[in-house]
Amino acid sequence: MFTSADHTFMARALQLAQRGLYTTTPNPRVGCVVVRDGQVVGEGWHERAGEPHAEVLALRAAADKARGATVYVSLEPCSHHGRTPPCADALIAAGVTRVVAAMQDPNPVVAGDGLQRLRAAGIETRDGLLQDEARELNIGFVSRMQRGRPWLRVKVAASLDGRTALRNGASQWITGEQARRDGHRFRARSCAVMIGIGTLLADDPRLTVRHVQTSRQPLRVVVDRNLELPLSAQLLDGGNVLVFAAVDDREKIRLLAQTGAEVLVLPDSSGKVDLPRMLEELGRRGINEILVESGNRLNGALLRAGLVDELVLYLAPHLLGDSARGMFDLRELTALDQRVDLRVCDLRRIGEDLRIVARVVQPEP
């Protein structure tokens with residue numbers, strides 16, 4: 001049984017972990033609180049890969065007061081040597097007597113071994129406190145560890161009747177400034193931002209994070225079946241671009257490489273980009289969360305392939321009519337049981353617009 005004090009201190013650990021929302025990738029967001037005699041004596045959070053983990057920073061802050069203390073950490077302490085030494089060993093050396101973890105580490109390299117190492121050293125361990133909140137904070141990391149692919153969000157700005165652009169392609173701006181700024185927070189927390197070639201040719205976006213203070217820019221990913229990406233595209237400024245294609249055009253690949261972009265050729269049996277293999281490749285590269293900001297064709301292809309996990313929909317108080325473009329290019333449904341079911345997780349007003357966050361309900365196997 002966890003006490004009210006346990007809940008309070010773990011909530012603080014999760015609050016600290018939130019500070020690494022935009023910076024920790026590919027590592028998970030982790031916060032840690034050291035408590036002795038009911039008082040917080042040390043705090044820490046992981047900021048970026050290669051730097052000290054949350055437990056190490058919290059133990060440094062606690063110094064000698066860590067001996068005999070209880071440690072609250074939002075993710076099971078690691079037990080392996082990566083870029084940094086095992087946090088479980090640091091906790092043992094510090095002389096703590098109790099460790100409470102919000103959740104076990106989904107990384108198979110750890111997966112309970114960190115807590116087991118602590119127990120073997122005589123330290124009391126508990127886990128599962130505010131587990132759902134901890135999982136949500138690291139939903140992309142969990143996805144990559146358990147499914148081998150990132151968590152994929154599709155962000156769409158649309159009118160109230162679900163239209164994203166006029167028939168002629170005009171779309172700026174359907175939603176208001178506050179909604180656009182809010183969208184940048186989802187862009188900032190993502191490891192990669194993805195668009196299709198149609199969106200790139202129509203809008204020539206940069207796909208950089210603005211309106212949010214962050215030291216890291218996400219990887220920019222373009223799904224470009226025939227390598228139509230112009231060398232003059234703004235997105236190519238500054239590198240950090242990955243293009244997935246279905247044709248092996250060596251000369252175009254060479255020219256794109258000169259701009260700093262990387263091209264991977266992953267055709268499927270129909271000559272299009274193999275979307276499941278694309279996500280597997282991004283998972284291998286340490287991508288935890290992807291934000292798709294594309295048009296209805298790529299949105300629909302990802303949804304049909306069962307690869308969309310979450311939708312972030314900004315709905316503006318306008319009506320654009322049936323001739324305008326929709327959100328998803330899907331096949332015609334002939335029965336209601338063919339529909340895509342969603343679970344609404346959050347609904348709020350952003351300026352004059354509505355923001356709906358919904359999860360795709362995957363069919364039973």
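Visitor: Is Arg225 buried, partly exposed or exposed?

Guide: Arg225 is partly exposed, because its relative accessible area is 36%. Buried means under 20% relative accessible area, exposed over 50%, and partly exposed in between (1.4 Å probe, protein chains only). Bear in mind that this is a predicted model: local features need pLDDT of at least 70, side-chain atom pairs count only at pLDDT 80 or more, and totals for chains, interfaces and linings use all residues. Residues are numbered from 1 along each chain as its sequence is written, and side-chain values use heavy atoms, with hydrogens and water left out.

Visitor: Which backbone oxygens lie by the side chain of Arg220, then?

Guide: The one of Gly239 lies 2.6 Å from a polar atom of that side chain, and the one of Arg206 lies 3.1 Å from a polar atom of the Arg220 side chain.

Visitor: OK, new topic. How many salt bridges does the structure hold?

Guide: It holds 30. One of them pairs Asp89 with Arg117, with the closest N and O atoms 2.9 Å apart. Asp89 sits in helix H3 (residues 87–94) and Arg117 in helix H4 (residues 113–120), so the pair ties together parts that are 28 residues apart in sequence. Helices (H or I, at least four residues) and strands (E, at least two) are DSSP runs, numbered from the N terminus.

Visitor: What about Glu293, which residue does it form a salt bridge with?

Guide: Arg187, and their closest N and O atoms are 2.7 Å apart. Glu293 is in the loop between strand S12 (289–292) and H11, while Arg187 is in helix H7 (residues 177–189), so this pair ties together parts 106 residues apart in sequence.

Visitor: Are those two buried or exposed?

Guide: Glu293 is buried, with a relative accessible area of 14%, and Arg187 counts as buried at 7% relative accessibility.

Note on methods. A polar contact is a pair of N or O atoms within 3.5 Å; within protein, one must be able to donate a hydrogen and the other to accept it, and residues adjacent in sequence count only if both atoms are side-chain atoms. A salt bridge is a side-chain nitrogen of Lys or Arg within 4 Å of a carboxyl oxygen of Asp or Glu.
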